[in-house]
Amino acid sequence: MSVDGYIDDAHPERLVLSGDEDWDRVDELRASCDAILVGANTIRSDNPRLRVRSQRRRAERVARGLPANPLRVTMTRAGGFDPDAEFFADDNHVVYERAELSTVVEDLYRRGVRRLMVEGGSSVHTGFLTSNLADEIQLAIAPIFVGDSRAPRFVNDGEFAKDRMVLGDISRVGDVTVMRFFPDADRYWLRECVSESLKCPPSETAYPVGAVIVGADGREIARGYSRETDPTAHAEEEALAKVTPGDLRLATATIYSSLEPCSTRKSRPRSCSQWILDAGIPRVVFALREPSRFVVGEGFEQLSAAGVSVVERADLAPEAGQASPLYR
């Protein structure tokens, strides 16, 4: 988009905002995806090819057993497509008519799509973001002003989440600035917990768990994983052990854990729920309820009863559960 937030101007000819280096970045991103989705108006106005440009990248996809190009996807309520549009050049496409976004992504998942790239336009961006269906935003800002309120913007008006997003990184690509944002901060940090859990030494009597403590400013305070420094240590206590006692940031922090904090344990007298209460952390977010395999887990209830705000993200439970057969 332009510095002032537009993705085009109001003239009939398409405004080119990206340079060669950024086009190559986008091509690499396309090659990493299973499908590319654009709105119907984008097909009508821009006639995009939505294919991988690089022959090398296409060949690499084929070598991995994938189609040379990702599946092309669009949504429409009115139809009215030119049958000769590039979108329909071969059978590697799908059109959803009068379908809700949630239905579209669920059907794409059933078709084997695990990584979906949403290229626009404004209405589609708005729909994904207001529905909390976007995992990541890659926003390229070109050094140009459009200055015309008639032009399309990156998003339209909508009921967006007011929480601050996680800023992943910032890079320079030619003369374009590329920023990566993660709109759902809880989802982002829980996935970091899952990544931490994969570091756990194997055990037949304890779960692999990862934990991250994040301050109110969105910055990470500490992280840890089960059995990181001791064969009986849990992830939450490993993370808390790295924080200086009395750190004022804990009073407004959130502790994330891939597994519900334990309410009782056989190996040590203090549970993770008690560690959290003693630290004064007011908010807990976890992905997966503790299975009643070793003890009965009541961390959610124990923490809630003590006045802690507890959020269970069951939508991420399958990802957390993949860390070990013990969860199944």
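This is a predicted model: local features need pLDDT of at least 70, side-chain atom pairs count only at pLDDT 80 or more; totals for chains, interfaces and linings use all residues.
1. Cys 272 illustrates the point: its nearest cysteine sulfur belongs to Cys 262 and is 3.7 Å away, and Cys 272 is in no disulfide.

2. The chain overall. The chain has 328 residues, of which 47% count as buried. Its secondary structure comprises 10 helices and 12 strands. The C-alpha trace spans about 70 × 45 × 35 Å along its principal axes. Among contacts between residues at least 6 apart in sequence, 68% join residues at least 24 apart.

3. The five-stranded sheet. Which strands form the open sheet, and in what order? The order is β9-β8-β10-β11-β12, with mixed pairing. Strands β9 (220-225) and β12 (309-312) are at the edges; each has a single partner strand, so one side of each is left without a neighbour in the sheet. From one strand to the next the twist averages 15°.

4. Strand β8, residues 210-214, runs antiparallel to strand β10, residues 254-259, and four bridges join the two. Helix α6 (residues 185-197) lies across β8, β9, β10 and β11 (283-288), and runs at about 55° to β10.

5. The β6-β7 hairpin. Seven bridges pair strand β6 (residues 166-173) with strand β7 (residues 176-182) in the antiparallel sense. Leu 167 has Phe 181 in β7 as its bridge partner. Two residues lie between the strands of this hairpin, and Gly 174 takes a positive phi near 65° there.

6. Backbone points to check. Leu 50 has a positive phi near 55°. Leu 50 is placed in the loop between α2 (40-46) and α3 (55-63), and is buried because its relative accessible area is 1%. Arg 98 also has a positive phi, of about 50°, although it is not a glycine. Is Arg 98 buried or exposed? With a relative accessible area of 61%, Arg 98 is exposed; its place is the loop between β3 and α4 (101-110).

7. A cis peptide. The bond from Gly 120 to Gly 121 is cis, with omega near 5°. Gly 121 is in the loop between β4 (116-120) and α5 (122-130).

8. Aromatic pairs. Over the whole structure, a search finds five aromatic pairs. In the pair of Tyr 188 and Trp 189, the ring centres are 5.0 Å apart and the planes stand at 80°, so the pair is edge-to-face. The limit for that description is over 60 degrees between the planes. Trp 189 has a relative accessible area of 7%, which means that Trp 189 is buried. Elsewhere, Phe 81, Phe 87 and Phe 88 form one aromatic cluster.

9. Arginines over rings. Two arginine-tyrosine arrangements can be inspected. The charged end of Arg 114 sits over the ring of Tyr 109, at 3.6 Å from the ring centre. Arg 153 lies over the face of Tyr 6, and here the distance from the ring centre is 4.5 Å.

10. Surroundings of Glu 86. Glu 86 is in the loop between β2 (71-76) and β3 (93-97). Its relative accessibility of 28% makes Glu 86 partly exposed. Which residues does Glu 86 contact, leaving aside its neighbours within four places in sequence? These are Asn 47, Pro 48, Arg 49, Arg 51 and Arg 72. As for distance across the model, Glu 86 and Pro 231 are 58 Å apart in space, C-alpha to C-alpha, and 145 residues apart in sequence.

Technical notes:
Residues are numbered from 1 along each chain as its sequence is written. Side-chain values use heavy atoms; hydrogens and water are left out. A disulfide is a pair of cysteine sulfur atoms within 2.5 Å. Two strands pair if DSSP finds at least two bridges between them. Axes are lines fitted to C-alpha atoms, for helices over the stretch in contact, and angles run from 0 to 180 degrees between N-to-C directions. Contact means heavy atoms within 4.5 Å. Buried means under 20% relative accessible area, exposed over 50%, partly exposed in between (1.4 Å probe, protein chains only). Rings of Phe, Tyr and Trp (its six-membered ring) pair if their centres lie within 6.5 Å; planes under 30 degrees apart count as stacked, over 60 as edge-to-face and the rest as tilted. A charge sits over a ring if NZ of Lys or CZ of Arg is within 6 Å of the ring centre and within 35 degrees of the ring normal.
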